[in-house]
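Open your viewer and keep the sequence panel beside it. We will go from stop to stop, selecting a few residues each time.

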Amino acid sequence: CGAGKFYQTISGTKMCTNCLAGKIQPAVRQTGLVTDCEDCGSNTFVAVQGAIACAACEMGTFSNPGASVCEVCSAGTYYSNPANGMQSCMECPLGTYQEDSGIFESCDNCPPGRYNDETGGMSM
């Protein structure tokens with residue numbers, strides 16, 4: 001198989017199959033030993049099938065391994081990258097807010113005398 005493809009056996013017949021979006025196969029002239037494609041790594045993606053390389057996410061976006069798109073946290077959420085490495089957007093907790101979308105590692109506290117009584121607050 002050529003780059004961007006892997007060997008797959010369907011009903012006893014070996015055939016070359018395109019890698020799915022979010023996965024790549026850079027190897028050229030593969031033997032029957034290549035039976036899968038590799039996930040794109042964290043903060044990279046590939047949106048098309050049959051790719052040989054992943055692209056970096058734009059500044060202010062993120063992705064987890066095997067992504068076909070990069071994500072941005074919307075207003076009312078913040079960016080979380082826990083020890084397990086699975087990045088995500090989390091709702092702002094009670095008493096906080098986040099007006100903007102992007103990669104913010106926390107939400108802003110409401111000013112004195114103001115309180116947000118819902119999670120995911122977008123304004124104070």
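Begin at the hairpin: strands β1 and β2 form it, with 2 residues between them. Select S11 in the turn, which has a positive phi of about 50°. A note before moving on: this is a predicted model, where local features need pLDDT of at least 70, side-chain atom pairs count only at pLDDT 80 or more, and totals for chains, interfaces and linings use all residues. Residues are numbered from 1 along each chain as its sequence is written, and side-chain values use heavy atoms, leaving out hydrogens and water.

Now color the two strands. Strands here are DSSP runs (E, at least two residues), numbered from the N terminus. β2 covers residues 13–18 and runs antiparallel to β1, with 6 bridges joining them. Two strands pair if DSSP finds at least two bridges between them.

Next, select F6. It lies in β1, residues 5–10. Across from F6 stands T17 in β2. Is F6 buried or exposed? F6 is buried, at 12% relative accessible area.

Last stop: select D39 and K23. They form a salt bridge, with the closest N and O atoms 2.6 Å apart. D39 is in strand β4 (residues 38–39) and K23 in strand β3 (residues 23–24), so the pair ties together parts 16 residues apart in sequence. The rule asks for a side-chain nitrogen of Lys or Arg within 4 Å of a carboxyl oxygen of Asp or Glu. The count by this rule is 1 salt bridge. D39 is partly exposed at 42% relative accessibility. K23 is partly exposed too, at 24%.

Definitions and conventions:
Helices (H or I, at least four residues) and strands (E, at least two) are DSSP runs, numbered from the N terminus. Buried means under 20% relative accessible area, exposed over 50%, partly exposed in between (1.4 Å probe, protein chains only).
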